[in-house]
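Biologist: Could you walk me through this structure, one piece at a time?

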Amino acid sequence: MAARQQPQPSAWDASIRSSAQRYLSVDGCRVKYIGPGSEDKDAAAVRSNHPVPSDCPIFYFEVEIASRGRDGFIGIGFSTAEVELDRLPGWEPHSYGYHGDDGHAFSGRGTGRAYGPIYSTGDWIGVILNRVERTITFTKKGYDLGIAFENVTEERLYPSVGFRTPEEEIVANFGTDLAARPFRGDLAWIRAEATQRLYSSILSTSVPRGSKGQSVIGELVFGYLRHQGHWDTAAAVARDVLGGGVAVSAQEVEEMQLRRQIGKHVAAGEIDVALALVRQLAPGLLDGDPHIHFRLQCQKFAEMIKAGLVAEAIEYGRTHVVPLGVGPQGGSGVAASSGSASMAAADRELLEDATALLAYDDPSAGPTGYILLPAHRNELAATVDRALLAHSGRCAESALEAATRQASATLQELKRSGHPAAQLLDLQSLLQQGRDPQQLLLEPGGS
Amino acid sequence: MGRGESNSKRRISRDEWERKLKDVKIRKEDMNRVVMNFLVTEGYVDAARVFERESGTAPGVDLEQITDRTEIRRAVQSGDVEQAIERVNDLDPDILERQQRLFFHLQQQRLIELIRGGQLAEALEFAQEYLAPRGEDNPELLEELERTVALLVFKDVKASPLADLMDVAQRQKTASELNAAILAAQSQEAEPKLPNLLKLLVWAQRQLDEKATYPHIQDLVSGQLEDPPADN
């Protein structure tokens, strides 16, 4: 279901051969400047081995300044693969950097703007790429310095650090082994804050009113209650929420009650009663829907075997189940051999499984005993219920459930397509109740 | 630079989308809880009580304690805004004192009810005396005020562009705003979760529109799945 896992940045890329790289000593997450460092053209930068995954909503890494070297001319940030590595991040287009010597933020230009404090030996800098808001933010020793860059739209950004004077040295933590090297910053909190802002922006979305000016929520609740057959609540909602004007007909109530009874009988294995009620409620349904008819009769056949009425079951199977399974072109004998053309594979399999029950003293314990279990009966009951609803021209599901289903599927699809913000969201936590809404929203979604 | 930007949207057919929809598991308990949360948060005590009995869903709060809110809501919804204001002030005079915007909306609703009742002279007087001064103080409200007062000039308000103000939904909106303010004053959860669900739906559909074409739910009331527009 989830998008294919993309590799994460896990170390500095020591494999790049460029003139600047000879000025750097790169060892995993550690980099030291060993060049002459006398002028800007001596600058050298590294970038990580992989870009930030494109579906990653919040990417975080830390850089510890092992040594400020001569002038502490270090730049920390991101750049794309096209950016030359003989420049500090931020000097070139598609690169962003926070520089230690002056605390300025650079993006695409040789001159920066005042942003944060300077940083030096022993400091650690947190770097946050927020793909939801398209920003880059830095922290110094855990202190949030605020947004440094906005409108960060590059899809493939690599963490990058640049150097300019001798003996400058840093160690990065990309969070790939948090057990051994935990982050010093509070990533959970950073994520939670970002998630909260995302929820706030979603919750400021306006929902269109109903076409007839009705209260959308009221209508949805009413429709749901009606669909579930909670008639009294539906009536109270119609009165108090919708201001009257809607009612449930007595016929609908009666239909629903019959449907419920049918469901109960199917679930209890009382198929005869259920069949009779189906004929009463929806004459023509069984003739028009041979699949449903077959499944009910097949269940009846299985229930007879369970009740020990083996002879009767065989007789019933021969006269009712098999002919129905074999289909209109008819024929006698075992459906499995002759009726293949007219039977869905699943139905044929079910028939075989049901027939197999005959072979066991205790059919429920046999390999096809599932047919007699509550789960199977309940599923059949649900199938019958859907068929009855469809037959009466009513929707199989209320608009509220349909909207929930659509919201869930759309969110799933967004996640699957690598939409960064969607990775932070979770429908379930939005629906759960009994907790403070703020806390609820702080729950990061699965990602 | 458009590097890496996708230029063609994925097309998800109705069949494919329906399969995805079918895979979504919706638990009845979750739906029931969301409905109960709506009834309780919005102060529909009677309905909440009946719903508890019919569905076995626990309200999660003491229903006795929300009777005040219920009655205040009922007053707004039946068009008796004056009574609602009185009762809120009995409960906690700070609520309307502090929230000018809410108070304005209540007065606006009062004006709407006067117009609905055909009491045009009273409506005009009321607007001039109570609403106009507040609107002048607050440019944000001025526009709403102008829109509401414009109701006076339409003979058939229901056929006017301002018909939405006369809807049941407008009463609902005002009642909900007041209800939420009372809840907030009592440090309780003020917003029901059900609207969040719909907002998420609207937001998510809009986001996915940028990546794919697929069947939508546009009309939330019917919940009908609509095919995406043909390729453009």
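Modeller: Let me begin with a definition: an angle between two axes counts as roughly parallel under 35 degrees, roughly antiparallel over 145, roughly perpendicular from 65 to 115, and oblique for the rest. Please keep in mind that this is a predicted model, in which local features need pLDDT of at least 70 and side-chain atom pairs count only at pLDDT 80 or more, while totals for chains, interfaces and linings use all residues. Residues are numbered from 1 along each chain as its sequence is written, and chains are lettered from A and ligands numbered from 1 in the order in which they are written.

Biologist: OK, at what angle do α5(A) and α7(A) cross, then?

Modeller: Helix α5 (residues 271-281) of chain A and helix α7 (residues 290-306) of chain A cross at roughly 160°, and their axes come within 9 Å (axes are lines fitted to C-alpha atoms, for helices over the stretch in contact, and angles run from 0 to 180 degrees between N-to-C directions). The two helices, α5(A) and α7(A), are therefore roughly antiparallel to each other. Helices here are DSSP runs of H or I with at least four residues, strands are runs of E with at least two, and both are numbered from the N terminus.

Biologist: Which residues make that contact between α5(A) and α7(A)?

Modeller: From α5(A) there are Ile271(A), Asp272(A), Ala274(A) and Leu275(A), and from α7(A) there are Leu296(A), Gln299(A), Lys300(A) and Glu303(A), where contact means that the C-beta atoms of two residues, placed from the backbone, lie within 7 Å. By class, these residues divide into 4 nonpolar, 1 polar and 3 charged (Ala, Val, Leu, Ile, Met, Phe, Trp, Tyr, Cys and Pro count as nonpolar, Asp, Glu, Lys and Arg as charged, and the others, Gly among them, as polar).

Biologist: And what is the span of the UniProt domain feature in chain A?

Modeller: An unreviewed UniProt entry places "domain: CTLH" at residues 255-312 of chain A, given in the numbering used here with a shortened feature name, and such annotations may be inferred rather than shown by experiment. That stretch of chain A, residues 255-312, is 83% helix and 0% strand, and its end C-alpha atoms lie 33 Å apart.

Biologist: Which residues of chain B does the CTLH annotation cover?

Modeller: In chain B the annotation, again from an unreviewed UniProt entry, covers residues 65-122, a span that is 81% helix and 0% strand, with 37 Å between its end C-alpha atoms.

Biologist: Staying with chain B, how do α7(B) and α8(B) pass each other, left-handed or right-handed?

Modeller: The crossing of α7(B) and α8(B) is left-handed, a term for the near helix being turned anticlockwise from the far one by less than a right angle, whereas clockwise would be right-handed. The axes of α7(B) (residues 100-116) and α8(B) (residues 120-137) come within 9 Å and cross at roughly 170°. The contact of α7(B) with α8(B) has 10 nonpolar, 3 polar and 3 charged residues.

Biologist: How does α8(B) cross α9(B)?

Modeller: The axes of α8(B) and α9(B) (residues 139-149) come within 7 Å and cross at roughly 150°, so these two helices are roughly antiparallel as well. Their contact includes Leu131(B) of α8(B) and Leu145(B) of α9(B).

Biologist: Switching topic, how far apart are the domain centres in chain A?

Modeller: Domain 1 and domain 2 of chain A have C-alpha centres 68 Å apart, and the assignment, which is automatic or from a database, gives residues 19-177 and 249-391.

Biologist: Last one: how many residues do chains A and B bring into contact?

Modeller: Chain A has 53 residues in contact with 50 residues of chain B. The largest share of chain A's side, 16 residues, comes from α12(A), and that side as a whole divides into 25 nonpolar, 19 polar and 9 charged residues.
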